[in-house]
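Hi everyone, thanks for making time this morning. I have one structure to walk you through, and I'll keep to a few spots in it. Let me put it up on the screen.

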Amino acid sequence: MNKVKKKMKEKNKKFKKALIATTAATSILVNQGYDSPFEIIDDTDSEESISQYEEKKKSPFKSKFKLLMSKIPQPVRAIVLFPLWYLGWLLMAVIEPLYSTLVAPYLSTLSYWLILLGLMLLIIIVASIFIFPALPLSKSINKKTISLSIFLIVTLAIFDKLLSLYNADYLKYSQIVKFSSICVFMVAILVYIYFKNRKVRVIMSNNQYQFRS
């Protein structure tokens with residue numbers, strides 16, 4: 001019974017998270033699709049609305065989105081889409097300043113480190129398949145190893161930024177330092193995977209695990 005309750009709680013949590021994410025995404029979509037919330041309840045004819053969109057030279061996304069939403073009955077739009085527009089406006093009011101101040105100036109740097117992280121994880125996956133062929137991939141690449149990889153990359157990124165700011169000569173050797181560090185990180189994670197799973201012996205016939213005492 002306890003296991004069933006735990007499973008039900010986990011499912012409820014997942015459902016709530018999915019519902020929140022869906023509502024947020026939908027509200028932002030509605031907010032970006034309509035310039036004003038009163039356009040949502042404006043029950044104009046489809047042909048008139050098309051000509052209006054063409055005259056105003058709205059983006060193809062907005063025109064198509066409004067035409068699609070205009071097929072929904074007005075009461076439904078008023079009850080569902082109208083409050084979603086305001087929720088989307090609130091979210092955009094919070095997200096846009098954060099994006100412009102925190103993300104946009106460092107977007108290229110952020111994407112650079114994310115690509116490095118992705119490459120590192122990909123190499124670890126390929127290496128673990130060849131080095132530990134009998135070990136399931138879920139044992140080598142899981143939340144712990146991914147979290148460890150993210151921690152190491154973030155640490156390297158911070159040190160790289162600090163050294164580039166306070167040591168002008170570092171820029172000459174930054175690529176070598178980063179390449180060497182990532183190689184060390186990959187070896188360290190593979191060693192961690194080995195020691196974490198060294199007591200696991202896989203029985204290939206039925207995919208069960210047998211632990212040595």
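Let's begin with a pair of helices: α7 and α8 run roughly antiparallel to each other. The angle behind that is about 160°, and an angle over 145 degrees counts as roughly antiparallel. Before I go further, please keep in mind that this is a predicted model.

For orientation, α7 covers residues 143-166 and α8 covers residues 170-197. Their axes are 11 Å apart, and the crossing of α7 and α8 is right-handed.

So who meets whom here? On the α7 side, the contact includes Leu-148, Leu-152, Ile-153, Leu-156 and Leu-163, along with Lys-144 and Asp-160. Across from them, α8 brings in residues including Tyr-170, Leu-171, Ile-182, Phe-185, Ile-189 and Tyr-192, with Lys-178 and Lys-196 also taking part. Sorted by class, the residues of the α7 contact with α8 come out as 12 nonpolar, five polar and four charged.

Now zoom in on two residues of α7. Thr-145 lies in this helix. Is Thr-145 buried or exposed? Thr-145 is buried, at a relative accessible area of 3%. Its side chain reaches the backbone nitrogen of Asn-142 at 2.9 Å. Leaving out residues up to four places away in sequence, Thr-145 touches Ser-140, Ile-189, Tyr-192 and Ile-193.

The other one is Ser-149, again in α7. Ser-149 has a relative accessibility of 1% and counts as buried, because the cut-off for buried is under 20%. What does Ser-149 touch, setting aside its neighbours within four places in sequence? The list is Leu-117, Met-120, Leu-121, Ile-124 and Ile-189.

Some of those names bring us to α5, which spans residues 107-131. Helix α5 packs against α8 at an angle of about 40°, with the two axes 10 Å apart. That angle makes α5 oblique to α8. The crossing of α5 and α8 is right-handed.

By class, the contact of α5 with α8 has 14 nonpolar, two polar and one charged residues.

Let me jump to another part of the chain. Met-69 lies in helix α3, residues 60-70. With 12% relative accessibility, Met-69 counts as buried. Its contacts, not counting residues up to four places away in sequence, are Tyr-34, Arg-77 and Leu-81. Met-69 and Leu-81 are 12 residues apart along the chain, and their C-alpha atoms are separated by 9.2 Å.

Finally, let's step back to the whole chain. There are eight helices and two strands, and along the sequence the order is α-α-α-α-α-α-α-α-β-β. Buried residues account for 24% of the 213 residues. How many of the contacts between residues at least 6 apart in sequence join residues at least 24 apart? The figure is 71%.

That's my tour, and I'm happy to take questions.

How values were computed. Residues numbered from 1 in each chain as written. Predicted model: local features only at pLDDT ≥ 70, side-chain atom pairs only at ≥ 80, totals over all residues. Heavy atoms only, no water. Axes fitted to C-alpha atoms, helices over the stretch in contact; angles between N-to-C directions. Helix = DSSP H or I, 4+ residues; strand = E, 2+ residues; numbered from the N terminus. Parallel < 35°, antiparallel > 145°, perpendicular 65-115°, else oblique. Left-handed = near helix turned anticlockwise from the far one by under 90°. Contact = heavy atoms within 4.5 Å. Nonpolar A, V, L, I, M, F, W, Y, C, P; charged D, E, K, R; others polar. Buried < 20%, exposed > 50% of the residue type's maximum accessible area, 1.4 Å probe, protein only. Polar contact = N/O pair within 3.5 Å; in protein donor to acceptor, adjacent residues only side chain to side chain.
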